[in-house]
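Please look over the chain shown here together with its fold.

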Amino acid sequence: MGIRELRDKMEKKRYMQKKATEFKLEEIKTDLETAAETGEKLEELARKYGVVIATSPKLQEEVERIRKQYGIPKEAVITHIMTEEEILKKGAMGIGTKIDHEKLGMLLYQRAMLKRKENGGIMTYAESYLLVNTGKLAKKLETKDIEKAVKILKKNNLIPGTQELKSGVKIIRFLPIELTDDQNEIISIASRKGFTTLEEIMLKTDWVKPRAQAALQALEQEGITRKDESYAEGEKYYFPGLMH
C-alpha cells in the first residue's frame, strides 16, 4: 500500500469515528430533550446509559431507588442538563464570544458520564475534544480549552484527575476507579492504537497467559475494554475511550 493510499485510509477512519461520535451525541440529545419527568423514563435512561437524569426535585426518592438498583455511582447523577449555548458567553463590551471553561467542563463531564458504559470512565484528551467539539461549539474549541475545563473539574472535586501513561498518552479519569498496576500497563499498551491483543500484552510484558487474561477480564468488567472476535483478525480488545 502506497503512502497516499495509507493516508486516505487513515483520513477515512478518522471521518467515520467523528461521524459515529456525532450520531451518538444526537441520540443522547434526543433522549434528553424528549425525556418525560417520570420514574419510567428515568429507569429507561439508567438502563441505557448507566446514569440518572435527576432534573425534577419531585423524583428524588425514585432517583435514589434507581441509582441503587442499577449500581450507579453518585457522580453519575445529573441534576442539570448543560447545553452548548451555555458554554458561549459574550466577550468584553459585548464583542465576540468567549468560552466559559467551568461550564465546558460540566458539558464534558455530563457527556462522559453518558458514555461511561462504553469507556468505563476514562478518555484521552483527543477523545474528550471530539466529544464536545460539536454543534454550536464546532471549530470554536482548542485543546487548551479542554485542558482548562479538566483542571476546573479536578479543582471542584468532580473527577479524580488525569494520568500520564507509560506510552506518554494522557488520559482523563472521570470516575474513581481503582486500577491495578497490571491494568494500567495494559491501558498504556492499548493507548497507542486504541486496541490490543492478548498476544501483544504477553509479548511486551513477559507475563504468563493467566495473568494477562485476569487483568483483561477485570478491565472488561469495569467497562473499559470490549472484546471483539473475527475470523479474519482474531481476538482484539478495544478501548473506546482511547481511540483517537
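## Overall make-up

This is a predicted model, and the chain in it holds 11 helices and 10 strands. Of its 244 residues, 43% count as buried. Among contacts between residues at least 6 apart in sequence, 53% join residues at least 24 apart.

## Helix α9 and its contact with α11

Helix α9, which spans residues 181-190, is mostly covered, with 9 of its 10 residues buried. The buried residues are D182, Q183, N184, E185, I186, I187, S188, I189 and A190. What covers them includes the strands β5 (122-124), β6 (161-164) and β8 (195-196), together with the helices α10 and α11.

Two packed helices are described by the angle between their axes and the distance between the axes. For α9 and α11 (residues 209-221), the axes come within 9 Å and cross at roughly 85 degrees. Because angles of 65 to 115 degrees count as roughly perpendicular, α9 is described as roughly perpendicular to α11. On the α9 side the contact is made by D182, Q183, I186 and I187, and on the α11 side by R211, A212, A215, L216, A218 and L219. By residue class, this contact divides into 7 nonpolar, 1 polar and 2 charged residues.

## Helices α5 and α7

The axes of helix α5 (residues 101-114) and α7 come within 10 Å and cross at roughly 100 degrees, and the two helices are therefore roughly perpendicular to each other. Helix α5 contributes L104, L107, L108, R111 and A112 to the contact, while α7 contributes S128, L131 and V132. The residues of this contact divide into 6 nonpolar, 1 polar and 1 charged.

## Salt bridges

Side chains of opposite charge can pair when their charged atoms come close.

| Salt bridge | N to O distance |
|---|---|
| R65 and E43 | 3.1 Å |
| R211 and D182 | 2.9 Å |
| E200 and K204 | 3.0 Å |

The salt bridge of R65 with E43 links distant parts of the chain, with R65 in helix α3 (residues 60-69) and E43 in helix α2 (residues 39-49), 22 residues apart. R65 counts as partly exposed at 34% relative accessibility, whereas E43 is buried, with a relative accessible area of 17%. These two residues also belong to a network of salt bridges that links E43, E62 and R65.

The salt bridge between R211 and D182 likewise links distant parts of the chain, since R211 lies in helix α11 and D182 in helix α9, 29 residues apart. R211 is partly exposed, with a relative accessible area of 40%, while D182 is one of the buried residues of α9.

What separates E200 from K204 along helix α10? The two residues are 4 residues apart in helix α10 (residues 198-205), and so they are separated by about one helical turn. An α-helix has 3.6 residues a turn, so residues three or four places apart point the same way. E200 is buried, with a relative accessible area of 14%, and K204 counts as partly exposed at 46% relative accessibility.

## The loop between α7 and α8

The loop between α7 (125-132) and α8 (143-155) contains N133, and L137 lies in that loop as well. N133 is buried, with a relative accessible area of 15%, and a polar atom of its side chain lies 3.0 Å from the backbone nitrogen of K139. Not counting residues up to four places away in sequence, N133 touches A138, K139, K140 and L141.

Is L137 buried or exposed? At 0% relative accessibility, L137 counts as buried. Leaving aside neighbours within four places in sequence, L137 is in contact with E84, I87, L88, L104, L107 and V132. Among these partners, L104 and L107 of α5 and V132 of α7 also take part in the contact between those two helices. The C-alpha atoms of L137 and I87 are separated by 8.1 Å, although the two residues are 50 residues apart along the chain.

Technical notes. Residues numbered from 1 in each chain as written. Predicted model: local features only at pLDDT ≥ 70, side-chain atom pairs only at ≥ 80, totals over all residues. Heavy atoms only, no water. Buried < 20%, exposed > 50% of the residue type's maximum accessible area, 1.4 Å probe, protein only. Polar contact = N/O pair within 3.5 Å; in protein donor to acceptor, adjacent residues only side chain to side chain. Contact = heavy atoms within 4.5 Å. Axes fitted to C-alpha atoms, helices over the stretch in contact; angles between N-to-C directions. Parallel < 35°, antiparallel > 145°, perpendicular 65-115°, else oblique. Nonpolar A, V, L, I, M, F, W, Y, C, P; charged D, E, K, R; others polar. Salt bridge = Lys/Arg side-chain N within 4 Å of Asp/Glu carboxyl O.
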